[in-house]
Amino acid sequence: MHSGRQCDANGRLLLIDRDVASSRLVVEGLGAALAGAPEIAAAETGRQAVEALRQARYDIVLMDLSSLGDLSERSEDAVTRLVKLAEGALVIAISDGSSVSAAVAAMRAGAHDYVVKPLNGPAIAARIDELAQRHGKTRTLGIEARPTAGVADFGGFIGASSAMQFVYEQIARIAPSAAPVFITGESGTGKDVCAEALHAKGPRVGKPLVAINCAAIPRDLMESELFGVARGAFTGAHEDRKGAAELADGGTLFLDEIGEMDLSLQSKLLRFLQTGTLSRVGEAGVRKVDVRVICATNRNPMTLISEKKFREDLFYRLHVLPIHLPPLRQRPSDIMVLARHFLARYASEEHKAFSGFSGECAQALMAAEWKGNVRQLQNLVRRLVVMFDGGEISGAMIAAADIESRGTAEMIGTGVPQQRVQAILPMWQQEQRIIEDAIASFGGNVSLAAAALEISPSTIYRKRQSWAEGVAGAA
């Protein structure tokens with residue numbers, strides 16, 4: 001083990017890498033790129049790293065996963081051990097391109113992030129700067145605190161990850177059009193927020209936005225809710241009543257959970273889209289209506305078509321401008337940004353004072369699955385604010401409040417995930433993570449990211465488009 005230079009050090013960094021030549025280059029690159037010239041030490045093995053962490057306190061730990069083989073534990077157990085010894089340091093796993101699943105497992109074992117070899121000093125410095133901003137380490141490391149880029153409200157969305165930046169770009173491009181939009185994404189990812197953003201940023205912003213949930217309205221009432229009803233059409237219809245489509249005239253009609261619409265009504269919706277006219281229930285004449293249609297579903301539309309639950313011709317009429325919202329597990333850098341946003345919001349509503357989340361708590365939240373996505377995180381934070389009086393949110397507080405997802409509660413207590421909650425991500429998700437991380441490392445420059453990954457920029461654009469459409473495209 002050897003130490004780097006120590007002039008005017010702000011913070012301490014430990015680099016664990018058995019490749020001495022690579023380690024030396026990284027040390028030189030980091031020393032030149034990081035603000036405040038931190039003291040940098042290097043360890044070539046896991047045992048040397050354990051010794052170093054026992055002898056001194058470090059603020060940043062970069063660990064090459066392949067260099068931990070001399071420790072008796074499995075790779076994930078070794079990471080857990082080093083994270084505990086690091087006592088709250090920012091921990092970044094280093095992976096080669098063939099072991100992305102190991103890097104993901106390392107994050108579940110407590111690492112804050114991972115980078116892929118070959119290492120680049122300025123790129124890692126930028127990642128450290130980002131993590132320091134996110135985890136409140138700017139003062140310790142001598143980094144100037146700043147508002148996180150892209151976190152400001154974008155039509156109701158919160159998040160600065162590259163995945164969300166791509167969504168923002170799509171919304172900005174699509175909003176001015178009058179063509180139908182088809183939003184896909186898991187429950188809780190913000191499909192309604194996306195519809196509102198499209199309306200707010202488009203030319204119809206001064207007109208109505210009318211939303212109708214196709215899954216929440218009984219089948220026999222759905223047609224009258226959508227198209228309206230004429231007086232005397234059926235018992236109880238004492239007056240003419242406009243439906244959602246007519247109420248949205250000049251504006252936007254948002255059909256949420258479109259996959260739940262009855263087939264018989266789908267044919268009438270198709271005719272409405274083709275002609276721009278509708279007939280109220282019990283009315284012989286037609287009415288001209290000008291609306292932009294946005295629809296959303298949390299189900300795979302192609303599966304619905306194959307199961308004869310959704311008309312293929314209707315799908316292609318609606319699927320003109322697709323937007324896919326990524327699940328929260330694909331945008332881990334946004335988790336604490338969202339958590340802090342919700343904490344400030346609900347603390348203000350409840351007139352309580354919370355100082356934030358403990359490091360142990362933040363680590364567990366970052367490692368959780370969040371099957372309910374942003375909505376699940378939002379509900380958890382709201383329960384925390386209601387149940388407790390204030391102060392710093394701890395792991396014990398979350399365990400007490402978490403009645404929605406026992407997986408989150410079980411990961412808190414030791415501050416790191418338990419082995420049995422580890423999971424291997426599908427290949428396309430791992431590929432997406434690598435590409436988006438590369439783009440973020442080069443400040444959004446796709447060409448530089450493509451060169452570093454040794455693929456063509458067109459490949460990246462094609463894959464991002466396939467992810468936006470909810471399809472894991474192959475190279």
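Okay, a definition to start: I call a residue buried when its relative accessible area is under 20%, exposed when that is over 50%, and partly exposed in between, using a 1.4 Å probe and protein chains only.

Some housekeeping. This is a predicted model, so keep in mind that local features need pLDDT of at least 70 and side-chain atom pairs count only at pLDDT 80 or more, while totals for chains, interfaces and linings use all residues. Residues are numbered from 1 along each chain as its sequence is written, and side-chain values use heavy atoms, with hydrogens and water left out.

Let's go in through strand S7, residues 181-184. Val-181 and Ile-183 point one way, Phe-182 and Thr-184 point the other way, and all of them are buried.

Over on S13, look for His-324 opposite Thr-184.

Zoom out and you get an open sheet of 5 strands, in the order S8-S9-S12-S7-S13, with parallel pairing. S8 and S13 are the edge strands, each with a single partner, so one side of each has no neighbour in the sheet. The twist averages 20 degrees from one strand to the next; for angles, axes are lines fitted to C-alpha atoms, for helices over the stretch in contact, and the angles run from 0 to 180 degrees between N-to-C directions.

What packs on this sheet? Helix H8 does, touching S7, S8, strand S9 (252-256), S12 and S13. Contact here means heavy atoms within 4.5 Å. The direction of H8 makes about 150 degrees with that of S7.

Lys-207 sits in it, between helix H8 (191-200) and strand S8 (209-213). Leaving aside neighbours within four places in sequence, Lys-207 is in contact with His-199, Gly-250 and Gly-251.

Next, charges. I'm counting a salt bridge when a side-chain nitrogen of Lys or Arg is within 4 Å of a carboxyl oxygen of Asp or Glu. How many are there in the whole structure? The search finds 17.

One of them pairs Glu-223 with Lys-268, at 2.9 Å, N to O. That pair links distant parts of the chain: Glu-223 is in helix H9 (residues 219-227) and Lys-268 in helix H11 (residues 263-275), 45 residues apart. Glu-223 is partly exposed at 25% relative accessibility, and Lys-268 is partly exposed at 28%.

Then have a look at Glu-349. Its side chain meets Arg-345 in a salt bridge at 3.8 Å, and both residues lie in helix H14 (residues 335-350), 4 residues apart, about one turn. Glu-349 also bridges to Arg-382, at 3.8 Å. Arg-382 is in helix H16 (residues 373-387), so this second pair ties together parts that are 33 residues apart in sequence. There's a network as well, where salt bridges that share partners join Glu-246, Arg-280, Glu-283 and Arg-287.

Two last stops. Helix H15 (residues 359-367) is largely enclosed by the rest of the structure, because 7 of its 9 residues are buried; Cys-361 and Leu-365 are among them. At the start of H15, a side-chain oxygen of Ser-358 comes to within 3.1 Å of the backbone nitrogen of Cys-361.

And Asp-59: buried or exposed? Buried, at 9% relative accessible area. Asp-59 lies in the loop between helix H2 (46-55) and strand S4 (60-64), and its side chain makes a polar contact with the side chain of Arg-57 at 2.9 Å. By polar contact I mean a pair of N or O atoms within 3.5 Å; within protein, one must be able to donate a hydrogen and the other to accept it, and residues adjacent in sequence count only if both atoms are side-chain atoms.

Note on methods
Helix = DSSP H or I, 4+ residues; strand = E, 2+ residues; numbered from the N terminus. Pairing = 2+ DSSP bridges.
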